[in-house]
Amino acid sequence: MTQPGTEAHPLRVAIVGAGPTGFYAADQLLKQGGLVAEVDMFDRLPTPYGLVRAGVAPDHQKIKAVTAAFEKVAAHPRFRFFGGVELGTHVTVADLRRHYHQLFYCTGAQTDRRMGIPGEDLAGSHPATEFVAWYNGHPDYRDLSFDLSQERAAVVGVGNVAVDVARILCRTHDELAATDIADHALEALRKSRIREVYLLGRRGPAQAAFTNPEIKELGEMAGADIAVRPEEVALDDLSRAALERDPDRATTKKVEILQAYALRRPSGKTRMLTVRFLVSPVELIGNNAGEVVSMRLVRNTLQATATGTLQPKPTDQFEELPVGLVFRSVGYRGVPLPGVPFNESWAVILNEKGRVLDPGTKQPLVGEYTGGWIKRGPTGVIGTNKPDAAETVACMVEDLAQGLTLHPAAPSAEAAERLIRERQPRFFSFQGWLRLNELEVGRGRAVGRPRVKFTRVEEMLQALGR
Amino acid sequence: MSIAHLLAGKGRGVITIQPEDSIRQALGLLAQHNIGALIVVDSRQQPVGILSERDIVREAARNEGVFTQPVSALMTRDVVIGGPQDDLHSVAHTMIERRIRHLPVMDRGTLVGIVSIGDVVKAQRDQYHGEVETMQTQLLANKT
């Protein structure tokens, strides 16, 4: 049998998921010396780029600049994109095995972690990720609604998603109108009556996950003042000792920025963002209509684990925070893919360095790989997925050299396309996306915005004259 | 970043041995799984020690009979145990300062994994690479 990877017999790879990891992996495969690979990339959405389009905040356009590099990857003659094609709905793992030598799953972490407290499902309590997908125009979430007639909102968590949500809630209409936030969200937020936003961290300022540029940005908003309690950003003994043992400039700077915020007086802006530390929600309290009206918080202290990590420990002091809107942002969680082994403990695909493992034998499943958040869990910045993808691609190349690939019955680009046309005639090609992109940017130019997004699949089909 | 993310990509789980097993058995496991240490567990699967290749080498240098010795004779009993939510940063600091090469990880009383100093160094390297990559992309975007 001929080993794939040559001009006559290219190595055919299916990448499931069109986020950053998928593009980094495609690039590494297509540029691999001495290897001829053909990459077909699938995504359940018509549009590529995953969280760069649907997750990164609209007022962070610079971060989205990474798509220019992905566009170059997509321009490779042996790269194809099949948008609007979902694994499990339109094609199965068995289908892919008929047309590809290697399968690469990089579907990210699509749901949020729950807080696990009473009242979590009251009306007005939402996963922050749904709000993010809504304001970014993700077609599956664009029809959600959030009660922005409330005056007080809490965001649970201090990671970058939590900070994004708090910032978007605090932005003025003019600030938002300069971004590519989805039209429906721009309109809803224009009528927002939110006055107070609380960002709640369970640990102290030295342990907060947000970066210094993010926390600085919160202090520079046009329509919102920032408030911090001096006693919550004073370094406790354990945090100070940890910083002295293992000095870290960024952490020291972070604490300094927050301590400076504690000295600020409100300047009379319409909104107030309050960043709290060392508090955890223990219950959401509702009214008779089942709507959240307040949150019970427990104050925490810090205690060191055996490895020196400072973890929150609840005290017996509680307080009540009146809020009518709650966004939980305590982490993303991966969801299993139909036909692919899953590791429930870590909510990732069961894998070793990106090789998918058989759940019974714990040995690699020939020809199946994974990368990104569904491989390691939700952590890191966009660029972290590059070394992550490289680790998996190295395994793919190594296995290929050993002859360990799938043996597809019909390993041709034409046969694969025939199958997709039959299962999902309304798929979107990369050419289709480039046209949509041009139209979105054009609609934006007319009104002084980076782009005006299409947020319905029907709209996208119409725009392409289909 | 918590060390749970290091364990997520080590799907094969933890290789353990019992205190009364022999060093020969231990060497077999180390070689078979291509690893540097075994977690020694009692009959209830609770860690009672750790046995590293170095523990065996040290004994072998002075004792020809090393193979038939029980694991309990050579294992290290004073073991630092981590939790999945421990920060990569503090775990790295503790492992370097205390010269620990392998850290068993337990979650609510159950052994869930082992993190080696190599895993920690790699995770830190990837984290820095990722941040540099992202910053470069943004700097380049500013120029255009």
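This is a predicted model: local features need pLDDT of at least 70, side-chain atom pairs count only at pLDDT 80 or more; totals for chains, interfaces and linings use all residues.
How many Å separate the centres of domain 1 of chain A and domain 2 of chain A, taken over C-alpha atoms? I looked this up and got 33 Å.

Residues are numbered from 1 along each chain as its sequence is written, with chains lettered from A and ligands numbered from 1 in the order in which they are written.

Domains. I have domain 1 of chain A as 11-110 + 334-428 and domain 2 as 114-331 (bounds from an automatic or database domain assignment). Nine residues of domain 1 of chain A and 15 of domain 2 of chain A form the contact (C-beta atoms, placed from the backbone, within 7 Å).

Helix pair. Next I checked α1 (residues 20-30) of chain A against α14(A). Their axes lie 9 Å apart at an angle of about 50° (lines fitted to C-alpha atoms over the stretch in contact; angles run from 0 to 180 degrees between N-to-C directions).

Chain interface. I found 35 residues of chain A in contact with 33 of chain B. α14(A) gives the most to chain A's side, with three residues (helices are DSSP runs of H or I, at least four residues, numbered from the N terminus).

Methods. Two residues are in contact if their C-beta atoms, placed from the backbone, lie within 7 Å. Helices (H or I, at least four residues) and strands (E, at least two) are DSSP runs, numbered from the N terminus.
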